[in-house]
Amino acid sequence: MTLMTANKMPKQILERTTDYHIPVMVDQVLEYLSLKPGKVYLDVTFGGGGHTRAILESQPDCRVIAFDWDPIAIDRGQAMVDEFEGRLQLILGNFALLYRIFKKQKLGKVDGILADFGTSHAQILSKDGFSFNRDTPLDMRMSPSFYRKTAGDVINTFTERELRDLFSRYGQETYAGRIARSVVEGRRKARIRSTTQLATLIERCVPKSKARKIHPATRVFQALRIYVNHEIENISIFLKQAADHLNVDGRIVCISFHSLEDRAVKQFFRSEDSLEVLTKKVVMALEQELSVNASARSARLRAAQKKGV
Ligand SMILES: C[S@@+](CC[C@H](N)C(=O)[O-])C[C@H]1O[C@@H](n2cnc3c(N)ncnc32)[C@H](O)[C@@H]1O
């Protein structure tokens with residue numbers, strides 16, 4: 001983040017800002033988690049630890065268990081484990097394996113769960129394949145130890161139809177068919193290996209339009225990232241396990257950045273008998289936050305509470 005941007009930030013947002021990631025909707029997360037002294041909270045998407053820090057600081061008598069499947073996030077978080085002296089436990093793992101992780105670590109139920117889906121700012125800036133602004137191999141796995149297939153494998157082996165469906169489903173890309181055709185033609189000459197090769201190919205086949213405010217490759221990159229990391233499947237698997245691990249009156253707060261993620265959360269909250277929905281309407285970031293963190297624009301927060309029996 002540049003100094004100029006930082007200078008324009010309201011104090012409370014600036015205090016929560018790290019080079020790694022700016023946590024979104026922190027006030028709303030704290031409000032919906034309704035923290036209580038002596039309780040245990042689970043943050044399944046630790047990232048740069050911004051939300052975890054806000055929980056630990058605003059309720060000095062609580063503990064947090066936090067997951068991330070990115071070893072860099074977990075390594076970096078060790079400084080916070082020391083700082084909060086016994087109040088933070090960090091675990092490297094996939095939140096879709098919550099049952100297994102809790103069993104292995106001999107953990108009991110928790111009093112609140114936070115999931116802030118998607119990727120961190122640092123992952124987009126540093127990992128191979130995530131950004132079309134840097135020339136890197138087409139990998140896109142958030143944690144290479146969890147999945148074998150890379151974005152490059154998808155781009156170079158899927159049929160034209162499979163690519164079109166993928167770009168359309170996970171990227172909601174209007175020109176999915178045209179881009180898929182162009183990828184298949186392009187790879188006949190040589191394997192598409194890098195972000196720049198793919199982005200250039202997309203730029204060439206998407207018509208320029210003033211109405212389209214994002215880079216022409218944004219939606220295709222998003223679709224590949226979601227597919228390669230099994231993002232939507234992981235959320236669906238996680239939600240059921242999360243509800244089972246909540247104590248009565250415990251709350252679950254989910255922040256989504258994609259309509260398919262939000263739909264999975266909304267449908268699960270509605271259909272799960274053990275939960276009472278707290279957000280009748282989806283909660284969005286306020287204008288003050290949007291003015292300093294544009295990424296909060298697509299954030300959608302929903303919360304629910306575990307019912308008594
Ligand atoms: C939007 S960031 C979270 C940012 C965090 N709330 C903060 O305040 O810095 C999402 C994080 O979730 C992690 N993540 C995504 N899917 C995951 C999964 N299935 N299991 C565990 N961590 C996951 C990513 O590695 C990333 O660090």
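**Exercise 1.** In this predicted model, work out how many residues of strand β2 (residues 63-68) are buried.

*Solution.* Start with the cut-off: a residue is buried if 20 or more other C-beta atoms lie within 10 Å of its own. Now go along β2 and apply it: 5 of the 6 residues pass, so the strand is mostly covered.

**Exercise 2.** Find which strands pair with β2, and in which direction they run.

*Solution.* Step one: look at strand β1 (residues 40-43). It is joined to β2 by 4 bridges, and the two run parallel. To see the pairing in the model, find Y41, which sits opposite V64 of β2.
Step two: turn to strand β3 (residues 88-92). Here 5 bridges make the link to β2, again with parallel strands. This time, look for I65, which faces Q89 in β3.

**Exercise 3.** Describe the shell of residues around the ligand: which come nearest, and how do they divide by type?

*Solution.* Begin with the 22 residues around the ligand; P23, T45, G47, G48 and G50 come nearest. Then sort the shell by type, and you get 7 nonpolar, 12 polar and 3 charged residues.

Notes:
Residues numbered from 1 in each chain as written. Predicted model: local features only at pLDDT ≥ 70, side-chain atom pairs only at ≥ 80, totals over all residues. Buried ≥ 20, exposed ≤ 12 C-beta atoms within 10 Å, placed from the backbone. Pairing = 2+ DSSP bridges. Near = placed C-beta within 6 Å. Nonpolar A, V, L, I, M, F, W, Y, C, P; charged D, E, K, R; others polar.
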